[in-house]
Amino acid sequence: MTPILADNAVHRSRTQRQSVLKQIMAMPAGAIFLVFMTLQIVCIAGALLYPNEFRYLSPQNLTILMKAIPVLGCLALGAGVLMIAGEFDLSIGSVYTFTAVLMASLVGAGVSAFLAAPLGIVTGLLIGLLNGQITIRFGLPSFIVTLGGLLFWRGAVLLYNGAVQVRFDPEPVFTSLFSGTLFGINAAFIWIVLLVVGFHFLLHRHRFGNHVFATGGNRAAAEAIGINTRRVKLIAFAVAGGMAAMAGILATARVGSVQPGQGAGLELQAIAACVIGGLSLRGGRGSIIGIFLGVLLIHTITDVLLLLRAPGFYLDMFIATLIVLAAIFNHLIERRGVA
Amino acid sequence: MSNLLELHNISKSFGALTALRNLSFHIGEGEVVGLLGDNGAGKSTTVNLISGIHKPTEGYLSVDGKKTLFTCRSDSADAGIETIYQHTALVDSLSITRNIFMGRELTDRFGLLRQSEMREITMEVLQNAVHISGIDSPDTLVGNLSGGQKQAVAIARAVHFKKRILLLDEPTSALSVRETEALLNQVLKLKAENVSSVLVTHNIYHAYQVCDRFVIMSHGTKVFDVDKADTTINQLTEYVVLN
């Protein structure tokens with residue numbers, strides 16, 4: 001029996017000799033971090049060399065980026081936690097629109113936004129719980145159940161308010177709280193940073209997070225040790241729904257209105273961000289930092305292509321390629337059993 | 001030697017199917033029992049019953065002579081019984097530390113994990129409680145371990161949480177020869193520390209190496225219960241095959 005402490009010491013000195021690159025690659029989300037940093041360096045260098053042609057560093061562009069990131073960020077955080085627990089939610093795009101329409105129409109009817117917004121979040125949580133109940137109660141694939149949810153809540157938006165946009169006129173305090181600026185930084189961006197930090201602690205430093213990883217990684221083992229995996233999954237479904245509603249609040253506060261079709265396709269972008277960020281489609285693997293980097297990467301690439309005036313279809317093709325490459329990469333890592 | 005766990009005339013039916021019929025046996029303190037039988041003899045149902053996943057249709061279990069009813073997995077864990085299933089013991093995508101404390105995390109009052117403390121305990125458990133070679137650090141992902149190392153981690157977990165009975169379900173079926181030796185030695189070492197084990201297995205030879213007593217099942221009931229001193233491998237094989 002070799003003492004583990006000594007082994008560990010040898011191991012440490014060996015890693016110290018490894019290059020910084022390898023150390024970063026060994027960290028969770030290390031690879032995506034490298035890709036992201038490389039892209040940033042290229043973009044910043046390009047912007048410094050050609051300040052008039054490539055306005056990546058212009059204040060307008062940075063503001064657009066900061067405003068765009070939080071909405072997808074919220075959706076991806078919720079979808080990501082659920083994916084790590086081993087389930088999917090395809091309905092979050094529709095739930096995002098439905099809760100936003102609900103909130104905006106309540107405010108239109110004279111309800112305070114400070115009451116309407118929490119109501120929207122509660123509605124999102126309840127829809128998530130319903131998805132979870134149906135999935136777990138009947139042992140169905142969540143893919144099918146939430147595909148139903150996607151269509152149902154998309155229809156519900158039209159039933160509730162018709163195919164017209166809803167104006168959102170909340171109290172000015174509410175608007176500045178969710179889309180104002182603090183020290184030049186967009187409020188929604190501050191929200192998403194706080195949420196990322198909160199989710200990081202919940203998932204990587206809290207008991208609940210350990211149960212989420214255990215449930216998604218090996219449900220039978222988690223159950224055998226006494227973890228209530230049904231409850232863990234239900235909570236994860238609720239989080240996905242609640243974060244969809246939160247995304248709705250941020251988007252609506254920014255634009256000042258809700259379009260009935262605005263959430264279409266967002267659920268797939270959120271799942272894409274998670275896959276790019278290193279989450280396994282089978283559950284049990286991934287990190288919050290990875291999810292956030294996935295969101296940042298999608299928006300940076302979108303932004304760069306827009307700045308280069310590339311036609312819209314390039315965007316989809318580029319993101320599509322990125323998703324498949326990320327999935328291949330994750331699969332290779334999983335087979336090696338690392339990360 | 002007092003009886004840690006006793007099964008009293010237990011029957012278990014699933015609808016029209018009777019899986020166990022009038023099954024009684026006991027496990028003593030510091031005793032290693034081999035639960036043998038061919039496929040379909042009712043071994044798995046017995047394991048699930050002892051670990052609290054199934055409830056008996058008739059009959060009852062007693063722990064330390066007191067009648068008990070296990071309604072779920074954690075009831076049996078509270079009674080000091082740890083079941084180590086072949087494929088469902090650990091989560092591959094989590095580290096050794098996180099696996100050992102899975103479901104029983106050390107946390108502060110907000111539920112935040114006390115990570116360095118759990119890590120230190122894991123290092124100590126891996127060093128002292130079980131002898132696993134080739135593990136660098138408690139942060140190693142369980143998915144990177146071999147079958148034998150995984151089982152050793154599962155046993156380390158049971159030892160750390162002071163379990164009195166280890167229920168090992170087909171423990172050697174996926175192990176190499178050397179890993180099997182290590183596992184069987186582990187069982188004997190635990191026995192010296194007064195931890196009982198139940199080896200549920202097909203493999204009479206492995207069982208014969210370490211068990212003090214053999215319980216042979218067939219068609220849902222016990223057909224033979226014998227001390228090692230009073231039997232031979234040939235006799236055990238006959239009972240497993242012929243019944």
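At what angle do the axes of helix H5 and helix H13 of chain A cross? I worked on a predicted model, in which local features need pLDDT of at least 70, side-chain atom pairs count only at pLDDT 80 or more, and totals for chains, interfaces and linings use all residues. Residues are numbered from 1 along each chain as its sequence is written, while chains are lettered from A and ligands numbered from 1 in the order in which they are written.

Entry on chain A. I found that the axes of H5 (residues 92–108) and H13 (residues 266–276) cross at roughly 125° and come within 6 Å, helices being DSSP runs of H or I with at least four residues and strands runs of E with at least two, numbered from the N terminus. Axes are lines fitted to C-alpha atoms, for helices over the stretch in contact, with angles from 0 to 180 degrees between N-to-C directions. I noted A:Ile92, A:Gly93 and A:Tyr96 of H5(A) against A:Leu266, A:Glu267 and A:Ala270 of H13(A), contact requiring C-beta atoms, placed from the backbone, within 7 Å.

Entry on chain B. I traced an open sheet of 6 strands with mixed pairing, in the order S6-S7-S8-S3-S9-S10, where pairing takes at least two DSSP bridges between two strands. Its edge strands are S6 (81–84) and S10 (221–227). S9 (residues 213–218) of chain B runs antiparallel to S10(B), joined by 6 bridges, and B:Phe214 stands opposite B:Val226.

How values were computed: Contact = placed C-beta atoms within 7 Å.
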